[in-house]
There are 2 protein chains.
Amino acid sequence: MPKNVNHEEKKDQIAEAAWRVILNHGMEGASVRNIAVEAGISVGALRHYFATQDELLVYAMTLVTEKVKERVEHIAALDLPPQEKVIKILCEIVPLNKQTMTEMEVWFSFIIHLRHKGDRFALQSDGVLNGIRAVVEYLDANRMLLPGLDQAVETERLYALVDGIALHAMLEPQRLKREQIVAVLTRHIQSICKEA
Amino acid sequence: MPKNVNHEEKKDQIAEAAWRVILNHGMEGASVRNIAVEAGISVGALRHYFATQDELLVYAMTLVTEKVKERVEHIAALDLPPQEKVIKILCEIVPLNKQTMTEMEVWFSFIIHLRHKGDRFALQSDGVLNGIRAVVEYLDANRMLLPGLDQAVETERLYALVDGIALHAMLEPQRLKREQIVAVLTRHIQSICKEA
């Protein structure tokens, strides 16, 4: 069957149904049957789009990273001062609203699930490290980075900060508010940059 | 039955058997039966120490945080320069060896598992945030912190950094080496402190 927009759209709808099942019942509940029910289609119809459960789950996880990537690329293309652009990009990676919180939870459940599955899935890189590396290089190319910094250490430090605060945003939404997250990311970027 | 050392020791042995089961089979595999097999005792004998699976799992998770706390308190009591002491403490929270890696994996599986169980367990705070807050206050009390820092922001930033790099150490042990982790933590503490 040739790929077409409707086919892709339907796959995305099923993948998003899988997200909802994972959110509500964990990976243990992410059976083909449950996902078909959530998507409002028959198991037979679902099999038309995804031959196996693994294929469906890998697609659902890849869709998470694609959505983040799309938003980041949109911001990267905007005409903004470098520091402001970088902070906006980091705010797309960290879950600051319901949509990104959902993505993070799904991605996370998936990552933890995969640790006990070994080679059944090829472990997907989530691309965040590459994005962080690009951010540090971008600041450097724009002569914004403070002189004398070790870029490898700064990349690892920012990567840990972003994933750590994303984790806390997910696990402690009552305690950690959006303004605090933005303040932490802003403070960190300012601390490695010359004054704007 | 009165508490005694042998009784506590046996409970710890069973809890550590639970850790191994969680590590190898995930939380889904952490049945009383599997844990009893791993501990080399009968289900009946296990029930003597833990009446329910929930009681056993909560104990096993609490034991993780107690072990970290013990090591941190040991370092806190040493006579060391403040920055060095703080870096050593952070290195006990982040998994830098097989033992701490195991603890982190178990704690993590547990946290993710609890998200789908609602109120069946009272969600345990892992105490890391309190520890980080104490570290920042300790640096401040020793007049090591750079002037003008917002302590609330710095606490949140260090907390995110520590949990983020702990997560990466767990998920990417091949890529992220002990020396890099120590370099990132050292760089961060130096960046918020006056020169030692």
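Reader: What share of the 196 residues in chain A is called buried, and what makes a residue buried?
Author: Buried residues account for 48% of the 196 in chain A. The word means under 20% relative accessible area, with exposed meaning over 50% and partly exposed in between (1.4 Å probe, protein chains only). Please keep in mind that this is a predicted model, where local features need pLDDT of at least 70, side-chain atom pairs count only at pLDDT 80 or more, and totals for chains, interfaces and linings use all residues. Residues are numbered from 1 along each chain as its sequence is written, chains are lettered from A and ligands numbered from 1 in the order in which they are written, and side-chain values use heavy atoms, with hydrogens and water left out.

Reader: Why does A:Leu145 count as buried?
Author: Its relative accessibility is 7%, and the cut-off is under 20%, so A:Leu145 counts as buried. You will find A:Leu145 in the loop between helix 7 (128-141) and helix 8 of chain A; helices here are DSSP runs of H or I with at least four residues, strands are E runs with at least two, and both are numbered from the N terminus.

Reader: Which residues are in contact with A:Leu145, beyond its neighbours within four places in sequence?
Author: Contact means heavy atoms within 4.5 Å. Those partners are A:Val136, A:Leu139, A:Asp140, A:Gln151, A:Ile192, A:Cys193 and A:Lys194.

Reader: How many helices and strands does chain A have?
Author: Chain A has nine helices and zero strands.

Reader: What makes B:Arg187 and A:Glu154 a salt bridge?
Author: The rule asks for a side-chain nitrogen of Lys or Arg within 4 Å of a carboxyl oxygen of Asp or Glu. Here the closest N and O atoms are 2.4 Å apart, so the pair meets the rule. The count between chain A and chain B is four salt bridges. On the side of chain A that touches chain B, the elements giving two or more residues are helix 1 (5-25), helix 6 (98-114), helix 8 (151-171) and helix 9 (178-192). Helix 8 gives the most, with 14 residues.

Reader: How much area is buried between the two chains, and what does that mean?
Author: The figure is about 3300 Å², with carbon and sulfur atoms giving 61%. Buried area is the accessible area (1.4 Å probe) that two parts lose on being put together, summed over both. In contacts, 39 residues of chain A meet 39 residues of chain B.
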